[in-house]
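Visitor: I've never looked at this structure before. Could you walk me through how to read it?
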Amino acid sequence: SGRRRAARLLLATESERAANTVVRCDPSSGQARFIYQSIENGVTESTAASAASTLKQLYSAPSEISDACTTVLTQALDVLIPYLARDWQQVPATAITQHLSDAIGNSLEALSLMYDRAEVTSSLTATRMAAILTHLENLLALSTHGSLTGESFLAVTSPNFKSNAARLAAPITSTRRSEEEHREDVQRQIAQLRRHSIARREFEAEALLAEEEHSLGEEIEEAVPGGGGRKLLASSTTTITAISLSLVQTTVQMPTMALPTAIAVVPCSTTPSGAAICQTGSVAASLMHFTQFFDPHFYDASASLVIASVLGFQLQAFGLPSFSPITMDSLPSIITLKFLLTTIPSPVRDARGHHKVAACVTWGGDLSSAAPPGGWSRARCTTGDVDGAQFIECFCTRTSYIASVGGGAQHTVLNVPGDCTGTPYGSQSMDGCAVCGGGKSTFRG
């Protein structure tokens, strides 16, 4: 019968896929194991190019990938990306970075297919995805090498995502405070110490005032340990330029703001003629827009609630060999993200006045009982209204690296329960008199 023929064809197709997976990924004889072996004990431009090209070819058929290949991919990227950085002394070959970007893009789909086939657990999938996304963030930061501050964002298209990366100028602002400000601060300290009758510390505070007055005009910098001559600029002493970028289904607007963490600047280099070349402080900004509404956290309990594209946003101090991202949490200024919704939450209310609402969320961070299930969090993001074109704005004071999850932030919108006020996961209900949040106190008669 037709059903039997279809079943036989399906079995044959699955058998062929499994056989091809062995050819690609078998730990003892597959193609993947030779990739890491070729660079394990040292990398050259030739071996890096060959490994990147082979990784792209290996992942050209995502359905034929197993977790053994994912392990090889992360091992290879552990070696290749630091090699391409090479202390930021040489611009990496575009072909190599594009091949690696393509391999990573296909690895996202491969991981999703492995999860669907129950070959990997949710926890293992989360671990693998975190490693892959970290490598992608670092690769995008690296792609800004060779560009100048102020140039347009460089767009790169790969399977399952599009990226935009650029160098943002980070001019050094004065780390010095006025003599009056110094004096006022120390006088406040002295007054506080006097209230506690601590004569010795009072004397020390007065000495501090004299020392600070003497040091006015000195730039606050310190050497980065093992930084090869780099200087570390103190927190809030560099101000990055604004971002305004439109992607396929999202837009990003970030105002000019002071960085909340210290960053290191690229040290000066010397030309063969003896001339010094010094780069101004700058930040590598990269945005990842996952295309076709691909959700990199498909394994999460809240995956069915996602109703917008997922957008990743990362900032890194340009040229830092360790690829240390900049923590952008509890920001003084609001970053505005605009998303096209795939679904408008239903306005239909139940007897309590509860209905579905859109909620702007960030991956990871401060989870609470009022948060969505899984790894998304509403912390430090508020949700605007849906406009007539089915777009919604998110106003966030958190983006980029989040220390509590050890990785970059992704943003999206969820379709979640709301109370009668429209607050996501709110507790207000309509009372018997149809008053939202009322206690029947308005009832008459």
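Guide: Happy to, and we'll take disulfides, sheets, a pocket and a few single residues in turn. Keep in mind that this is a predicted model.

Visitor: Let's start with the disulfides. How many disulfides does the structure hold?

Guide: Here's the general idea: a disulfide is a covalent bond between the sulfur atoms of two cysteines. In this case, the structure holds four disulfides. Take the one formed by Cys360 and Cys394, whose sulfur atoms are 2.0 Å apart.

Visitor: Which parts does the pair of Cys360 and Cys394 tie together?

Guide: Cys360 sits in strand E16 (residues 355–363) and Cys394 in strand E19 (residues 391–396), so the link ties together parts 34 residues apart in sequence. The angle about the S-S bond is -80°, and the link of Cys360 and Cys394 is left-handed.

Visitor: Are Cys360 and Cys394 buried or exposed?

Guide: A residue counts as buried when its relative accessible area is under 20%. Cys360 has 1% relative accessibility, so it counts as buried. Cys394 is also at 1%, and so it counts as buried too.

Visitor: What about Cys381 and Cys396? How far apart are their sulfur atoms?

Guide: Those sulfur atoms are 2.0 Å apart, and the two cysteines form a disulfide. Cys381 belongs to strand E18 (residues 381–386) and Cys396 to strand E19, so this pair ties together parts that are 15 residues apart in sequence. With 115° about the S-S bond, the link of Cys381 and Cys396 is right-handed. As for burial, Cys381 is buried at 9% relative accessibility, and Cys396 is buried with a relative accessible area of 1%.

Visitor: And where do I find Cys420 and Cys436?

Guide: Look at the segment after strand E21 (407–418): Cys420 and Cys436 are both there, 16 residues apart. A disulfide joins them, with 1.9 Å from S to S. The link of Cys420 and Cys436 is right-handed, with 80° about the S-S bond. Their accessibility is worth a look: Cys420 counts as buried at 8%, while Cys436 is partly exposed at 31%.

Visitor: On to sheets. How do I read one?

Guide: In general, strands of a sheet pair through backbone hydrogen bonds, either parallel or antiparallel. Here you can trace an open sheet of five strands in the order E6-E7-E15-E19-E18, with antiparallel pairing.

Visitor: Which strands stand at the edges?

Guide: Strand E6 (243–246) and E18 do. Each has a single partner strand, so one side of each is left without a neighbour in the sheet. From one strand to the next, the twist averages 15°. For a closer look, follow strand E7 (residues 250–254) and strand E15 (residues 335–340), which pair in the antiparallel sense over four bridges. Start at Thr250, whose bridge partner in E15 is Phe339.

Visitor: Which strand does E13 pair with, and over how many bridges?

Guide: Strand E12 (residues 282–290) is joined to E13 by seven bridges, and the two run antiparallel.

Visitor: How many residues of E13 are buried?

Guide: Strand E13 (residues 311–317) is mostly covered, with seven of its seven residues buried. Both faces are covered: Leu311, Phe313, Leu315 and Ala317 lie on one side, and Gly312, Gln314 and Gln316 on the other.

Visitor: Now for empty space. How do I look for a pocket?

Guide: Rolling a probe the size of a water molecule over the atoms shows where empty space is left. In this model, the largest pocket has a volume of about 240 Å³.

Visitor: Which residues lie nearest the centre of the largest pocket?

Guide: Thr94, Thr97, Ser143, Leu154 and Val156 do, out of 13 residues that line the largest pocket. Helix H5 (94–116), helix H6 (122–142) and strand E1 (154–158) each supply at least two residues of that lining. H5 gives the most, with four residues.

Visitor: What kinds of residues make up that lining?

Guide: They divide into seven nonpolar, six polar and no charged.

Visitor: One last stop: where is Phe34?

Guide: Phe34 is in helix H2 (residues 32–39). At 43% relative accessibility, Phe34 counts as partly exposed. Now find Val72: Phe34 and Val72 are 38 residues apart along the chain, and their C-alpha atoms are separated by 9.3 Å.

Key
Residues are numbered from 1 along each chain as its sequence is written. This is a predicted model: local features need pLDDT of at least 70, side-chain atom pairs count only at pLDDT 80 or more; totals for chains, interfaces and linings use all residues. Side-chain values use heavy atoms; hydrogens and water are left out. A disulfide is a pair of cysteine sulfur atoms within 2.5 Å. Buried means under 20% relative accessible area, exposed over 50%, partly exposed in between (1.4 Å probe, protein chains only). Two strands pair if DSSP finds at least two bridges between them. Axes are lines fitted to C-alpha atoms, for helices over the stretch in contact, and angles run from 0 to 180 degrees between N-to-C directions. On a 1 Å grid over the protein atoms alone, a cavity is a set of points where a 1.4 Å probe fits but cannot get out, and a pocket is an open set with protein on both sides within 12 Å along at least five of seven lines; lining residues have an atom within 4 Å of a point. Grid points are joined across faces, edges and corners, and a volume is the space filled by probe spheres set on the points. Ala, Val, Leu, Ile, Met, Phe, Trp, Tyr, Cys and Pro count as nonpolar, Asp, Glu, Lys and Arg as charged, and the others, Gly among them, as polar.
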